[in-house]
Amino acid sequence: MNAEQRSQWHLLSVEAAIKQLRSDPAMGLTAQQVAELQAQVGPNELVERASRSPWRLLWEQFTATMVLILIAAGIISLFLQKWQEAVAIFAIVVLFGLLGFVQEYRAERAMAALKKLAAPMVRVRREGQVQTISARELVPGDIVLLEAGNLTPADMRLVETVNLRIQEAALTGESEAVEKDANLVFSADAPLGDRRNMAYMGTVVTYGRGVGIVVETGARTELGKIATMLQTVEREATPLQKRLDRLGKALALVGVMIAAVVAVFGLLRGGALGEMFLVAVSVAVAIVPEGLPAVVTITLALGARRMLARNALIRKLPAVETLGSVTVICSDKTGTLTQNRMTVTVLDLMDRSVQLNERIGREEVRLELAEPPTEETRLQAKAMSLLLSAGALASDAQLIGDDPGGWRAVGDPTEGALVLAAAQFGLRKDELERRLPRVLELPFDSERKRMTTVHELNVENDASAVNDVLAQLPIAQSRFVAFTKGSVDGLLDIAAQVWVNGGAQPITPEWRQRIEASNARLAAEGMRVLAVAFKLLDERPAKADEALERNLTLVGLFGMIDPPRPEVKEAVAKCKMAGIRPIMITGDHPLTALAIAKELGIAAAEDRVITGLQLSQMSDEQLSAALTDVSVFARVSPEHKLRIVTALQRQGHVVAMTGDGVNDAPALKKADIGVAMGVTGTDVTREAAEIVLLDDNFATIVNAVEEGRTIYDNIKKFVKFSVGGNLGKVMVMLLAPVLALLAPASPLPPLLIPLMPLQLLWLNLLTDGLLGIGLGVEPAEKNVMRRPPISPQANIFSHGGLGQVIRMGALIGAIALGVGLHRWSAGYADWQTMMFTTLAFLQVWQALAIRTGNDSTLQAGLFSNKSLTLLIAVVVGLQLAAIYAPALQPFLNTTPLAAQDLLTCIALSSIVFVYGEIEKALARRAGRPPLRQAGLEAPPLKDSSKGSVKL
């Protein structure tokens, strides 16, 4: 098929398109067909032009500013005929480049893997079964089920449409959603925006539902044709990377100034121009932490991978660092705080309430009456069957499996509970729909909080359970029936009658009071409550509108229990300990929400709930005041979520917001961290979010916050480690020549160059390059969730951090200077090797001291970070090789040290570790927060159960 034929699908009828693609709307493709087509057309994805190839990554390593300076120094060394220095400089350049390449390549691979996991999931019909697969696996001929909130995963010829509207702004620029009609066939070509029988990749289903057959995938889609234009966006650095980049530039400027001072001083004391130039270059390079960009990148990427292992999929890298600053988590209730395992436990009819028990057997789970059947319950059986049938028919969930032991529902968990409950009492949805086929529907939306379906009545003379349902209804003149399910208060407002003892009675104040009391009682027990009503119709309505939802007859209520997740209570407690306030925002009944919130510790016994209606009547100032002591919001709409997020951000909070519905996307985009549900969420919310919860679990958000704090801690530790160590080396280069003039006379030549250029570069390779990686993967500190959130305005060196760096750097410099000057004054030729080796071991001990924050390294375990332990062993091995390997000695200007001299270097350098432990002990005794992690103060929080707390 040529390209012109491929683009003409809108000219074909549904039957012609299906025939051409050799598919079947009822059965879908077979596994063999799918395998053949996947081999033929490849994965359903656009070519990723923005990703960096391995060659580009390698090129970037050797074009970094500091590396280019080193290459220039190597070339100048060749001109000066300093062959050893030139070879060594180029060798170190290669090592730096390869080390950076390996880290960045690992980070790229990790993020690419995360991106593949972030591909939307779609529901398809294959081999007669509805399956959920990744959109990447789609092939032409696949039968795809569409519903509100879905991103269209490929180009499709629509096969069935029910009130389907699709927003195609991504292709046409038209923001108004287009109403689709599968029955249309165009006789001539039409612009994309007019092809109302097609759905195109990247567009958004905003309303209704539909079924489509995939006609094009990947680069062959309409979106694929313009993918080049869409993929020119450059990768944006995270805020932390930007701050660290500014730090690097500032250090580079300082480095150039100090290098100039060292060079001029050396020249004045008789040093050779070429040699002093190399020294100046080395000093400049020594000041700048070259490993910083690579360590930050790999730490963020590997952190994202660790979060994935804990069911949090990071879609946008800046979210990793923002997580450490979160002060409020606004969470939905159903499925996030609860198990999303809905079970119908109460059928509340108009004149009595029927309790159901869930009986779990060896091979099946069954619902049964809580009490033995009586004559009275037998009389109620017909009303129960009408209630169960109406609930199942007014749902989009599907029943899968042929026997009760293998039944499961596919679709929304609440609707799935209704479908399963009906099936347990002999009312399978497929049989119900065969006898009462759906002909029209008014889909659920968050404003109406209800859904209506219209069914044709087909009466057959048999003894089926469906006939028992139909026999109750006065259908002599009626050919259609509408079933409506939704919130109790919403249906009460539009119902005119109640169904009692097989007949309709007007809703009196007494009936209304009885229904409202039942709703309140079930909600107070933590149940989700839905009402169901019906309306008989003489003819099929011309269109689905709200006229269908007037003068309804209320049948009864469903009470469904969704138990809290057992791990969430502990996660809520951990939140509060970490200075993070959890807030519940739900569409459920206020009493249901409050019952669950109290059970989980989100709310206290005396707390109140604010409803969406009350929130709508509040000014922004009133809402802001209410947020100080209200932690539960019920019956809210997506617009209310947006107002709550905005009000919290005005108070200075960093807000994480969960969402699953198509209308939640604005609130998720507004929040500092948008969190989408991976199981029940729509594609639209997942696209708007920074994080996707693969298990829809509140505890996973808390785990992600813990990882975010740990990542920030580790980056901060590396910066302090690198800058402090480099400060010590710069002190040696600056002060050693000056102090040598004041020291006792030495038989050795004047001390012009304390450390040779290659020695400085070697030390940077070992410390910034290797030890920095080990610090980047340090496990979480034990108190990481027992301290306030990190202020997003803080810098790396705030709250005493700069003082720590200066003190540690000064101590490193002083010890190295003392060792070197003592040996030089005493006339030992190995003075430079002693100073060089002492500096290497000083940074090893410094890494051990700094890795545990304010916790004692000895208590945490000296070698508990296995990666750092391994890298320390590598660093020590390389340093010993630099001293004792004959091949390296001429390059690094070293001489072998006696065993006692080597032990002296190790022992004296351990002073840094002892000092670090003493400083941490004093900080713990003074009661300071651990390490005073950069800017830990956050906005004051009001814990609704404990009063106001100042952090």
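# Exercises on a predicted model

In this predicted model, the axes of helix H19 (residues 509–524) and helix H21 (residues 590–600) come within 7 Å and cross at roughly 15 degrees. Let's begin with this pair and then look at other parts of the protein.

**Exercise 1. Work out how H19 and H21 are oriented to each other, and describe their contact.**

Step 1. Two packed helices are described by the angle between their axes and the distance between the axes. For H19 and H21, the crossing angle is roughly 15 degrees.

Step 2. Angles under 35 degrees count as roughly parallel, so H19 and H21 are roughly parallel to each other.

Step 3. The crossing of H19 and H21 is right-handed.

Step 4. Now look at the residues that meet. H19 brings Ala 520, Ala 523 and Ala 524, while H21 brings Leu 591, Thr 592 and Ala 595. Sorted by class, this contact of H19 with H21 holds 5 nonpolar residues, 1 polar residue and no charged ones.

**Exercise 2. Find where His 640 lies, decide whether it is buried or exposed, and list what it touches.**

Step 1. His 640 is part of helix H24, which covers residues 638–650.

Step 2. The relative accessibility of His 640 is 11%. Buried means under 20%, so His 640 counts as buried.

Step 3. Leaving out residues up to four places away in sequence, His 640 touches Gly 612, Leu 615 and Ser 616.

Step 4. Compare sequence and space for one further residue, Thr 611. Thr 611 and His 640 are 29 residues apart along the chain, and their C-alpha atoms are separated by 9.7 Å.

**Exercise 3. Locate Arg 22 and Glu 127, and classify each by its accessibility.**

Step 1. Arg 22 sits in the loop between helix H2 (14–20) and helix H3 (31–41). Glu 127 lies in the loop between strand S1 (121–126) and strand S2 (129–134).

Step 2. Check the backbone. Phi of Arg 22 is near 55 degrees, a positive value in a residue other than glycine. For Glu 127, also a residue other than glycine, phi is positive too, near 50 degrees.

Step 3. Arg 22 has 65% relative accessibility, so it counts as exposed. Glu 127 has 46% relative accessibility and therefore counts as partly exposed.

**Exercise 4. How many disulfides does a search of the whole structure find?**

Step 1. A disulfide is a covalent bond between the sulfur atoms of two cysteines.

Step 2. The search of the whole structure finds 0 disulfides.

Step 3. Cys 330 is buried because its relative accessibility is 0%, and Cys 575 is buried with a relative accessible area of 0%.

**Exercise 5. Describe the protein as a whole.**

Step 1. Its secondary structure comes to 35 helices and 29 strands.

Step 2. The protein has 951 residues, and buried residues make up 56% of them.

Step 3. Among contacts between residues at least 6 apart in sequence, 73% join residues at least 24 apart.

Technical notes. Residues are numbered from 1 along each chain as its sequence is written. This is a predicted model: local features need pLDDT of at least 70, side-chain atom pairs count only at pLDDT 80 or more; totals for chains, interfaces and linings use all residues. Side-chain values use heavy atoms; hydrogens and water are left out. A disulfide is a pair of cysteine sulfur atoms within 2.5 Å. Buried means under 20% relative accessible area, exposed over 50%, partly exposed in between (1.4 Å probe, protein chains only). Axes are lines fitted to C-alpha atoms, for helices over the stretch in contact, and angles run from 0 to 180 degrees between N-to-C directions. Helices (H or I, at least four residues) and strands (E, at least two) are DSSP runs, numbered from the N terminus. Angles under 35 degrees count as roughly parallel, over 145 as roughly antiparallel, 65 to 115 as roughly perpendicular and the rest as oblique. A crossing is left-handed if the near helix is turned anticlockwise from the far one by less than a right angle, and right-handed if clockwise. Contact means heavy atoms within 4.5 Å. Ala, Val, Leu, Ile, Met, Phe, Trp, Tyr, Cys and Pro count as nonpolar, Asp, Glu, Lys and Arg as charged, and the others, Gly among them, as polar.
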